[in-house]
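Subject: Structure handover

Hello,

Here is the structure for you to look over. My notes on it follow below.

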Amino acid sequence: MEFSKIKITSKEFIGRKNELAEIQDMVNEASTGKGTLLLLSGEAGIGKTRLVSEFVDRSSDQNIQYLRGRCKYHQGLDPYSPFIEALRNWFGLLESMDDKNENEKISDIICKVSPELISIMPLIRGFLSAGTSIYGSYLFKGSNIKKSFNTFKELMQPKRLGLCITRTHPDEVNKQYELESSQMYWLTRSPTEIPSLDPSHIEKLRWVIKDFVSKNKNSVVLLDGLEYLILQNNFENVLKFVELLKDDIALNNAVLILPIDPATLGSQQIALFERYMHVISSEFEDSTIASKMPNMPNLSNISIPEYQASGYQVRPIDMDYVAEKDKMFQAILLLIKNIASKKPLILFIDDLHWADRSSIQLLQYLFQNMVDKNIVIIGSYRPEDINESENFIQTMMENIKKLNLQDSLNEIILDRLTRKDIVQVVKNILDEDVPEKLISFNFQKSEGNPLYVEEILKSLLEENLIDLEDKTHYKKLDISKIEIPDSITEVIRMRINRVTKDNDLVDQILKYVSVIGSNFNFDILLEAMDLNEELLLDNIEKLMNANIIHEVDVDRYKFDHTLIREVIYNDLGSRRKKILHARIGASIEKLYHKNLKDHYVELAHHFSCGGVIDKAVYYSIREAEIAKELCAYDEALFHYRSALDMSTSQTPSSSSSEPEVDLTQLINLHINLGDLSLILGTWSNAKFYFEKALEISKESGDDLKKIESTSKLSQIEIKKDRWSKAVGKLEEVLGLKLDGKHKEILLVKINPKYVIRANISLIKILSKENFKGIYICINHPSTLIDKLLRSHNIPTKNLLFLDFITSIAGVEHEVGDNVCVIDKAFSLDRMLDAFNKKKNDQDNLYNFDFDNIDFVLVDNITNLSTYITEEKIRQFTQDLIQSIKKITRACGIIIMDDKSNPNVQKVIEQYFDKSVTIEEEWL
């Protein structure tokens, strides 16, 4: 049959005069500096989206700005998607653009809008790209050196300079990778006229890199030839060089890429490099660095104005993470306020019933900080489609009332159209005098739902019951013989059946696109169906003529209404859905292999529904990581939970009775779920996940994961301020008696993952009777320990921090009254001298009374092996112990990393009165 080419929709906007007037009043008030939030509710097809679009069209002469985003039908799993869509459209960012062009466009527009936005540009870019900041040090572990060079080339931009230091001759590197735009050095001891560096002069190598990153902020460095450096020097010196270099990179917001072949070094040596660096493995073939590296910029370095925070949390979330989330929300707020600074803005968020929790929180945050601005925020939703157990919209409304902002909150509930309105709609669509019997029939069936009215008329036209070319057709119309179902979904189903009758290809296309989603890309459909392009396009046009779908822009289409898609998808059989989801997932993976990070939610969804569990798990974890970096903790929790459920519910393969499960991945999933549960304040859930991770770690014999899981469990006790158990066990293990008579110098051995936990517990013990002490920070910045102590109400007024290695590494931070930063110019002797003199004004010691010190705690003395020789450690240990005995009344405790160099351990252990080992279960 020939499909109708008539556009079955009312040419004029019928009814809703009162609603249009209400929105106009809100815009008028906004133009005077009184912003508002309008919640627009009504059943499917009632005309919510059409109402807002009509108002915007009618207001074109009012110079109003309009941003629109729609929540996706993925059960709220894509955090902030409506805001990202709205802002990406405002910036003019296309799906086909790469990160380089996107960043340039964002930067150009932000600079034109307002200079104050420049400081938050990294946050804006990260938000719009679901995270793009990649600063830090990365260990590329594998034999494929090409991946490192390709990543280096990918990261270089006109505004991000590159430094390449390579063991391969530069001519060969340029020939293969075209890196002429980067600064390049050849790592060789041979005399040469080209720029080169002697690998045995490791200090000069560090100076070259440090000088480059300090002069070129946000730059990227590739250091190829780590194994060669180790051969020309020794492992300890190269490890020290890399650790210092890592600090240089961090301080200058740079990127360090360090390739390493695991076959060339021992596992313990590789583990030492991995300890302080992000590790990029060869898992999956997606080589884009953005898909592997941490996503969000360092929020603590972003300086933006303060706005009203809090209020949007729905549970007692960890305050550190609330502050981090506020930081990102403030950046989005500042951007939108600048957009609206010149003329009124309407921000329309459609389909809120599908919104994720984080989007609702951001919506509330924007509203409560815009009530005095020229901004109208409109959110539309279907009440019948809201999950009552998680009614985010109701929670938001309750929070707004608690904040006494209800005067700026408006609600419009769209009712069905009156009979008078239906008469106008029908006449407007058919464009002629319509008999009363047809109008009455239409009103009786539709009950005033405008979408239902349109669907009924489409059915009558397609069945030739109405013939617009035959002027006598109404006389032939027998209403009693017209069969129209009593529900709109049945009317849509009946019309779909007519469209697909005798056309299997159209039927197949509709099944595929219903699985893709309400919006679909032509290229994905073409790849999935493997059709001739013109043949597919011809049939797409048939569906457009039948008013089933319409074109959004080049290569993008959408269903005429989301209900059409829902009807088609729900009618598919389970087996058919599984096959189509898997094909579409594979098509997306193939088409977007260079930029998969923008499609993680889709890929996880399609592969999960398609039964491709390994890929569904992988992409769920990737999306969880992005959600976590975007502070969308509920969504991250959901994706990790989905990955865990899929990992543990796989059916056995034909070749084995048990499904293959990656135990390390399983442990990591439990740990991540525990971390997120801690963030969200659900400690009982966190305990469950950490205990499960510990159980699997013990079964698998993974000692490191066992330690990590146990450490996580101890965090719960810290959160609950339950110190008595840990402190009691430590007192028993250490044999401490703080009565002033026991002056043991105690050596405590501990796994490096437990050092901070041990520090806090020990200080808790030592300070419980207000004893006075000195804490020498060798392994951790004093400010970090001070912050942790204060967060758990542990007094620090009688504790002096001597911050040593942090200063040598070049880290700058503020110091308090009781913090003495030993300058990097000090030798160990001068440090001891300052320590023994008890008073030294120029070193900021004057606020601390050195008389009658009760204890001295040294953080991790074996960490000195990175900076000084064994002989110096021996002498320093002797002198330090003597100094402790001179000035302390009770005891001295030195913590030693029991994973350190055995030679250094022997050097240190011989000078102590007592030595104990703290096992993880004691903490």
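How many helices and strands are there in the protein chain? There are 37 helices and 22 strands, taken as DSSP runs numbered from the N terminus (helices H or I, at least four residues; strands E, at least two).

This is a predicted model: local features need pLDDT of at least 70, side-chain atom pairs count only at pLDDT 80 or more, and totals for chains, interfaces and linings use all residues. Residues are numbered from 1 along each chain as its sequence is written, and side-chain values use heavy atoms, with hydrogens and water left out.

**Overall**

Of the 923 residues in the protein chain, 55% count as buried. Buried means under 20% relative accessible area, exposed over 50%, partly exposed in between (1.4 Å probe, protein chains only). The chain exposes about 41,000 Å², by the Shrake-Rupley method with a 1.4 Å probe. Carbon and sulfur atoms supply 46% of that area.

**Cores**

A nonpolar core is a set of buried Ala, Val, Leu, Ile, Met, Phe, Trp, Tyr and Cys residues joined through side-chain atoms within 4.5 Å. The largest one has 155 residues. Y80, I124, F127, L352, L525 and I548 touch the most other members. Helix α12 (residues 319-339) gives the most to this core, with nine residues. A second, separate core has 33 residues, including F212, L223, I230 and F235.

L352 has contacts (heavy atoms within 4.5 Å) beyond four places in sequence; among them are L39, C71, I360 and Y381.

**Aromatics**

The whole structure holds eleven aromatic pairs. Rings of Phe, Tyr and Trp (its six-membered ring) pair if their centres lie within 6.5 Å; planes under 30 degrees apart count as stacked, over 60 as edge-to-face and the rest as tilted. Y80 and F329 have ring centres 6.1 Å apart and planes at 90 degrees, so they are edge-to-face. Y80 lies in the loop between β2 (65-70) and α3 (81-91) and F329 in helix α12, so the pair ties together parts 249 residues apart in sequence. Both Y80 and F329 are buried. Y600, F607, Y618 and Y619 form one aromatic cluster.

**Charge over ring**

The criterion is NZ of Lys or CZ of Arg within 6 Å of the ring centre and within 35 degrees of the ring normal. The charged end of R167 sits over the ring of Y228, 3.9 Å from its centre. R565 does likewise over Y569, at 4.7 Å.

**I549**

I549 is in strand β14 (residues 549-553). Its relative accessibility is 2%, so I549 counts as buried.

Best wishes
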